[in-house]
Amino acid sequence: PPKNPKKQWSLNDFEIGKPLGKGKFGRVYLAREVKSGFIVALKVIFKEQIEKYRLHHQLKREMEIQTSLRHPNVLRLYGWFHDEERIYLILEYAHRGELYRELRKTGRLSEKQAAIYIASLTQALAYCHEKHVIHRDIKPENLLLDHEGRLKIADFGWSVQSRSKRHTMCGTLDYLAPEMVENKAHDYAVDNWTLGILCYEFLYGVPPFEAERQTDTFRRIMKVDLSFPSTPDVSAEAKNLISQLLVKDSSKRLSLQKITEHPWIIKNVTSHD
Ligand SMILES: COc1ccc(C(=O)Nc2ccccc2)cc1NC(=O)CCSCc1cnc2[nH]ccc2c1
């Protein structure tokens with residue numbers, strides 16, 4: 001990655017390549033840092049967007065936090081620069097793209113692969129929480145895979161994200177915890193709920209409370225209407241972990257520490273980062 005963080009980067013330092021994520025991540029481009037040949041993802045944000053939503057100081061504070069986040073399962077923000085009308089974020093490039101794509105391709109994951117991803121996510125979240133960073137909108141399309149297939153939580157930009165979260169609201173409620181759906185104050189424990197949703201989706205190929213209409217998904221989440229189909233045949237340990245995460249009372253959800261100690265994780269994951 002670009003070495004000296006204090007260096008003032010500019011657009012001339014990069015050769016811009018293809019657009020990434022087809023606008024899913026805002027406007028992000030593959031880019032190569034000319035001197036080192038290092039490949040990055042360059043995210044372009046228009047200043048008038050930031051001004052319009054008065055995000056300037058939040059963006060600065062957030063950039064400070066994110067450049068300090070160093071974890072193998074958290075996408076890096078190497079630095080940023082700006083010109084008159086745009087802000088550029090120099091982001092880590094995850095070569096194997098969205099985990100979502102892999103999930104759609106294979107339909108569902110093996111128990112071993114699912115456990116490896118859940119363990120990676122748990123470690124990344126434990127790290128973010130100890131750095132007092134939450135609001136991780138962790139759903140499959142915000143999870144990327146690097147060239148070794150290692151999971152990276154790629155979703156930040158909560159302020160912009162919260163706009164897209166409203167967008168998500170009209171998209172899908174599937175990943176939102178009851179307290180989020182009820183618009184109650186929420187804390188770190190929403191991420192534990194989402195881990196349960198993701199674990200279910202990794203193993204069954206669909207999220208647990210999926211329904212034709214949003215109102216039905218809403219009702220199923222509030223009721224925690226959780227059921228395990230007889231096929232595919234999923235291990236009792238996996239169902240046990242999911243059942244201990246998809247708990248309405250956020251204080252009763254399995255803690256991140258307990259997830260790493262769960263028999264299903266221990267059985268399926270060597271020390272995998
Ligand atoms: C650390 O990450 C981020 C940090 C900050 C922000 C952000 O926008 N902050 C913000 C903006 C405006 C107001 C306030 C805050 C966004 C991200 N991350 C992403 O946007 C997702 C991955 S984009 C890169 C990337 C990599 N590797 C890929 N492989 C395939 C596609 C792809 C796409």
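## An aromatic pair at the sheet

Phe-38 is partly exposed, with a relative accessible area of 27%, whereas Tyr-78 counts as buried at 14% relative accessibility; here buried stands for under 20% relative accessible area, exposed for over 50%, and partly exposed for what lies in between, computed with a 1.4 Å probe on protein chains only. The structure is a predicted model, in which local features need pLDDT of at least 70 and side-chain atom pairs count only at pLDDT 80 or more, while totals for chains, interfaces and linings use all residues. Residues are numbered from 1 along each chain as its sequence is written, and side-chain values use heavy atoms, with hydrogens and water left out.

A search of the whole structure finds nine aromatic pairs, a pair being two rings of Phe, Tyr or Trp (for Trp, its six-membered ring) whose centres lie within 6.5 Å, with planes under 30 degrees apart called stacked, over 60 edge-to-face and the rest tilted. Phe-38 and Tyr-78 form one that is edge-to-face, at 5.8 Å centre to centre and with 80° between the planes. This pair links distant parts of the chain, since Phe-38 belongs to the loop between strand 2 and strand 3 (39-46) and Tyr-78 to strand 4, 40 residues apart; helices (H or I, at least four residues) and strands (E, at least two) are DSSP runs numbered from the N terminus.

## Other ring contacts

Tyr-117 and Phe-202 also form an edge-to-face aromatic pair, with 5.8 Å centre to centre and 65° between the planes. Because Tyr-117 lies in helix 4 and Phe-202 in helix 7 (residues 189-204), the pair ties together parts that are 85 residues apart in sequence. Both partners count as buried, Tyr-117 at 3% relative accessibility and Phe-202 at 0%.

Elsewhere, ring pairs link Trp-9, Phe-14, Phe-81 and Tyr-88 into a cluster, and Lys-7 lies over the face of Trp-9, at 5.0 Å from the ring centre. The charged end of Arg-104 likewise sits over the ring of Tyr-100, 4.4 Å from its centre; a charge is taken to sit over a ring if NZ of Lys or CZ of Arg is within 6 Å of the ring centre and within 35 degrees of the ring normal.

An open sheet of five strands runs in the order 1-2-3-5-4, with antiparallel pairing, where two strands pair if DSSP finds at least two bridges between them. Strand 1 (14-20) and strand 4 (77-82) stand at the edges with a single partner strand each, so one side of each is left without a neighbour in the sheet. From one strand to the next the twist averages 30°.

Strand 1 and strand 2 (residues 27-33) pair in the antiparallel sense over five bridges, and Ile-16 stands opposite Ala-31 in strand 2. Helix 2 (residues 56-68) packs on the sheet, touching strand 4 and strand 5 (86-91), and its direction makes about 150° with that of strand 4. Contact means heavy atoms within 4.5 Å, and axes are lines fitted to C-alpha atoms, for helices over the stretch in contact, with angles from 0 to 180 degrees between N-to-C directions.

## Nonpolar cores

In soluble globular proteins, nonpolar side chains tend to be buried together. The largest nonpolar core has 54 residues, of which Phe-202 and Trp-264 touch the most other members; such a core is a set of buried Ala, Val, Leu, Ile, Met, Phe, Trp, Tyr and Cys residues joined through side-chain atoms within 4.5 Å. Helix 4 (residues 111-130) gives the most to this core, with eleven residues. A second, separate core of 14 residues includes Val-28, Ile-50, Leu-55 and Leu-91.

Leaving aside residues up to four places away in sequence, Trp-264 touches residues including Glu-111, Ala-115, Ile-118, Cys-199, Ser-235 and Leu-241. Leu-241 is found in helix 9 and is buried, with a relative accessible area of 0%. With residues up to four places away again left out, Leu-241 touches Leu-254, Ile-259, His-262, Trp-264 and Ile-265; Leu-241 and Pro-263, 22 residues apart in sequence, are 8.7 Å apart in space, C-alpha to C-alpha.

The buried residues of helix 8 are Asp-216, Thr-217, Arg-220, Ile-221 and Met-222, and they pack against helix 6 (178-181) and helix 7. Just after helix 8, Val-224 takes a positive phi of about 45°, a positive value in a residue other than glycine.

Val-224 is found in the loop between helix 8 and helix 9, and Pro-232 has its place in the loop between helix 8 (214-223) and helix 9 (236-245). A cis peptide bond joins Thr-231 and Pro-232, with omega about -5°.
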